[in-house]
Amino acid sequence: MENRNTFVAPSLLASNFLELGKEVDMLNRSEADWLHLDVMDGRFVPNISFGLPVISQIRKATTKTCDVHLMIEEPEKYAEDFKKAGADILTVHYEACTHLHRNIQQIKGLGMKAGVALNPHTPVHLLENVINDIDLILIMSVNPGFGGQHFIPKSLEKIRQAREMINHYKAHALIEVDGGINIDNAGDIFKAGANVLVAGSTVFSSKDPEATISALRNA
């Protein structure tokens, strides 16, 4: 993982929750680099997913990076709990953080890598003043809250803008992209400058999820 600059992070939101242990076992066997864990509160986004108890169990079942994406309001209230649950990366939304710099420092102070997610309408340049403080930019290529949506084409330009900003400021942040990613567009997304592809429905609705993960990783 350390020697690659492109990664795949299957989103367990699209998995079969009745067979969650088997799904994690499959991901452990696969070429997946990270496990992407979407936490929704029904307030910041119009859906409720899963939370700390599920993540704690997933952490026990894998040694791969647990990439936790908080689609919640007031994430600062729960950062320490997600660290205890086993998060390696904790990503908060720009739109949910009144004091974003404080949120980032809190996450890093707890020993996690800090990510900031941007909704489709949020410009990349708003991260200029924290770009050297964060480890990850998560570009939402769909409106957050539900899986199975179509990739928003404008997202490719946002990825390019993020890559230019990272290069300009000599920052180390990775670019992660989440929403509507499939075998057909993965190559273009990597080419635009992305490092990490989040894929939910594409992986878990596949007849051969492990082969699909490999194809995405090598797009």
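**Aromatic pairs and a helix contact**

The structure holds 2 aromatic pairs, where rings of Phe, Tyr and Trp (its six-membered ring) pair if their centres lie within 6.5 Å. This is a predicted model, in which local features need pLDDT of at least 70 and side-chain atom pairs count only at pLDDT 80 or more, while totals for chains, interfaces and linings use all residues. Residues are numbered from 1 along each chain as its sequence is written, and side-chain values use heavy atoms, leaving out hydrogens and water.

Phe 7 and Trp 34
- The ring centres of Phe 7 and Trp 34 are 5.6 Å apart with planes at 15 degrees, so the pair is stacked (planes under 30 degrees apart; over 60 is edge-to-face and the rest tilted).
- Both Phe 7 and Trp 34 are buried (under 20% relative accessible area; exposed is over 50% and partly exposed in between, with a 1.4 Å probe and protein chains only).

Phe 17 and Phe 50
- The rings of Phe 17 and Phe 50 have centres 5.8 Å apart and planes at 75 degrees, so this pair is edge-to-face.
- Phe 17 counts as partly exposed at 44% relative accessibility, whereas Phe 50 is buried, with a relative accessible area of 9%.

Helices α6 and α8
- Helix α6 (residues 183–192) and helix α8 (residues 209–217) pack at an angle of about 30 degrees, with axes 9 Å apart; helices are DSSP runs (H or I, at least four residues), numbered from the N terminus, and axes are lines fitted to C-alpha atoms over the stretch in contact, with angles from 0 to 180 degrees between N-to-C directions.
- The contact (heavy atoms within 4.5 Å) involves Ile 183, Ala 186 and Phe 190 of α6, and Thr 212, Ala 215, Leu 216 and Arg 217 of α8.

Terms used. Helices (H or I, at least four residues) and strands (E, at least two) are DSSP runs, numbered from the N terminus.
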